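This report describes one protein model, from the whole chain down to single residues. Please look at the sequence and the structure before reading on.

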Amino acid sequence: MKPAATEAHGFSNQLIPAKSDAFPSPLPFRLRLAAWLLAILCSSAFYIGPFLLLLPFILYWFHPKAAATLFCINLVLVTHPVAPWHKFRKWFQLFYYLFNFHHNLTPKVREIAMEENHLGIVAMHPHAIIPLHAFLYAGFCDQFIPELYGVGTTTDGALWLPILRHILQYLSVGSAHKQSILYAMQQLDQNLFILPGGVAEIFLSHRYQDDDDRSSNHQQQQRRRRTYVQTIKARRYGLMKLALETGAILHPVYVFGATDIFDQLTPTVLHVQNQDQDKNVSSSLSVAGGRCLESISRRIRGGLTLYWGKWFLPIPHTPRLTMVMGDPIHPWLDHDKHHSNNNNNSNNNDNHHNSNHNSNATQTHKRTCPRIENPTTEQVEELMTRYVDALQRLFEQYKVQAGYPNDVLEVQ
């Protein structure tokens, strides 16, 4: 099978342990404590936000004045503007310690990114229940390939939750509406980071593996005898159309271990594949509940599920996380044919942008592939086929090193 990540694009065949440039190694106690507090804060924020919004209505029956005060505080928290905070990203390098973080990027990746200066979309799978790996990516990208850092996207619901919206917007995360994304990419010249699986992938997540550093030999042997099916939602036509419309290259990313951080009450499916037969061990009640919550989540534009980690609290388990990135995928299969026209195409678009943004007239705009205003179904399907194939090959290329030797990736 052809590798999905090659040395020509700066990717290592062997996994590399991440080393922070902001914190010492090994971490002193105060920084280990800070790492845990940050992880718990990010995990708990998905509970704290809704709780703070509901609390004034509950408190009103007992202490009306306190309820009114809290309501006003919430109003300020969910409406006042929050600007990106560059230094905040670095704190997520502490997650290297928590999750024994490994990756496949060499310094050549940044050299290529600086040289090509190409508009890109980083598409990461799986979403998982709580995407702590996405927070980790913010720290890693800021350290290792800051040229690829851009804007992230999330559901509208998350941007109305106190505390959580602050964390997200400090990391430059905004609305997932297409108009907002197009404005950021085409007008502000920003790369995009996205978890394409979205809400659907939340309910496909289930924790299969205990913490690597604490699992017994019996548990490890038991895992090696089983084959788990890792299911992701990668057939996203909207994402393919976005790449074709903006001329951005796709960077496929898979994170091993991301679904092993939390458990949830109602996953929609859980497949365990033994050596001799496939066995679906999902209970019908769990599946029905998961599908019901998934439907509600889509309507409210936010994930609604009951999750827990250690001791049934929002304290994350700490499996080893392995992030692997594949070779960039150009939206046009014959992009080399159009390579000579790239700069002219980019400059024409830049002139259009500069007419609306004179303050950025001296900014060097990112290169793009030829843009297609209205992609055909055939063009979208062709790009989709290459994207899904790249994810499959990326998974197979690194699954043994990542500790998931028998697992199978199912793409929906």
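## Contacts and the model

Two residues are in contact when heavy atoms of theirs lie within 4.5 Å. The model described here is predicted. Leaving aside neighbours within four places in sequence, Leu105 is in contact with Gly10, Phe11, Ile16, Phe140, Phe144, Ile145, Met323 and Met325.

## The whole protein

The protein has 14 helices and 14 strands. Of its 412 residues, 53% are buried.

Among contacts between residues at least 6 apart in sequence, 84% join residues at least 24 apart.

## The largest nonpolar core

Nonpolar side chains tend to be buried together in soluble globular proteins. In this model the largest nonpolar core has 95 residues. Which of them touch the most other members? They are Phe95, Leu105, Ile121, Phe135, Leu250, Met323 and Tyr387. Helix H14, residues 377-402, gives the most to this core, with eleven residues.

Strand E3 covers residues 120-125, and six of its six residues are buried. On one side are Gly120, Val122 and Met124, and on the other are Ile121, Ala123 and His125; both faces are covered.

E3 is joined to two strands described here. Six bridges link E3 to strand E8 (residues 249-256), and the two run parallel. His125 has Tyr254 as its bridge partner in E8. Strand E6 (residues 192-194) also runs parallel to E3, joined by three bridges. In E6, Leu192 stands opposite Ile121.

## Two threonines

Is Thr322 buried or exposed? Thr322 lies in strand E13, residues 322-325. Its relative accessible area is 0%, and the cut-off for buried is under 20%, so Thr322 is buried. The side chain of Thr322 makes a polar contact with the side chain of Arg320 at 3.4 Å. Apart from neighbours within four places in sequence, Thr322 is in contact with Leu15, His102, Tyr254, Val255, Phe256 and Ala402.

Thr79 belongs to helix H2, residues 64-79. With a relative accessible area of 47%, Thr79 falls between the cut-offs of 20% and 50% and is therefore partly exposed. Its side chain reaches the backbone oxygen of Leu75 at 2.5 Å. Thr79 and Leu159 are 80 residues apart in sequence, while their C-alpha atoms are 9.6 Å apart in space.

Key:
Residues numbered from 1 in each chain as written. Predicted model: local features only at pLDDT ≥ 70, side-chain atom pairs only at ≥ 80, totals over all residues. Heavy atoms only, no water. Helix = DSSP H or I, 4+ residues; strand = E, 2+ residues; numbered from the N terminus. Buried < 20%, exposed > 50% of the residue type's maximum accessible area, 1.4 Å probe, protein only. Polar contact = N/O pair within 3.5 Å; in protein donor to acceptor, adjacent residues only side chain to side chain. Core = buried A, V, L, I, M, F, W, Y, C linked by side-chain atoms within 4.5 Å. Pairing = 2+ DSSP bridges.
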